[in-house]
Amino acid sequence: MVSLGAVIGAVVRTTESANNVASVLTVPLAFVSDAYFPIDRFPAQVSGFLRWLPSTEFIDALRGIAMYGDSLGHFAGWIGLLLLWTIAGTAVTARYFRWV
C-alpha cells in the first residue's frame, strides 16, 4: 500500500488529486478483499484473482490470528506473497517516484 501511495504521488500533480485517486483505488480494493463480502460469492475466475491481492491475504491472516488463534507460521505462504508484492511495488516506485 505504501508503494501504491508513492506511485500515485508520482503520477498526479496535486495533493487533492492524489487523495481522490487513492480513494478511487483503495475503497473498491477494501470491498473485494474479503473484508466486507466473502470472496466465495464472486465468480470463480474473479475470486481466484482476488486471492492474489495483498489486502485479501492480510485480512485473512488478521482474521485467522485474531479470531481463530492461528499461528503466524500458518500464513507462511501469505508472507511469501507479501514479499513478492513488496519487491514489485518497490521496483515500480523506484522507477516512477522522484522528489520534487
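Predicted model: local features only at pLDDT ≥ 70, side-chain atom pairs only at ≥ 80, totals over all residues.
## How helix α5 meets two other helices

The axes of helix α4 (residues 54-68) and α5 come within 10 Å and cross at roughly 150°. Residues are numbered from 1 along each chain as its sequence is written, and side-chain values use heavy atoms, with hydrogens and water left out.

Helices here are DSSP runs (H or I, at least four residues), numbered from the N terminus. Axes are lines fitted to C-alpha atoms over the stretch in contact, with angles running from 0 to 180 degrees between N-to-C directions.

| Helix pair | Axes come within | Crossing angle |
|---|---|---|
| α4 and α5 | 10 Å | roughly 150° |
| α1 and α5 | 9 Å | roughly 20° |

Because of its angle, α1 runs roughly parallel to α5. α1 passes α5 in a left-handed crossing (the near helix is turned anticlockwise from the far one by less than a right angle).

So who touches whom, with contact meaning heavy atoms within 4.5 Å? On the α1 side you'll find Ser-3, Ala-6, Val-7 and Ala-10, meeting Gly-89, Thr-90, Val-92, Thr-93 and Tyr-96 in α5. These contact residues split into five nonpolar, four polar and no charged.

The crossing of α4 and α5 is left-handed. There, Pro-54, Glu-57, Phe-58 and Ala-61 of α4 make the contact with Trp-78, Leu-81, Leu-82 and Trp-85 of α5.

Definitions and conventions. Parallel < 35°, antiparallel > 145°, perpendicular 65-115°, else oblique. Contact = heavy atoms within 4.5 Å. Nonpolar A, V, L, I, M, F, W, Y, C, P; charged D, E, K, R; others polar.
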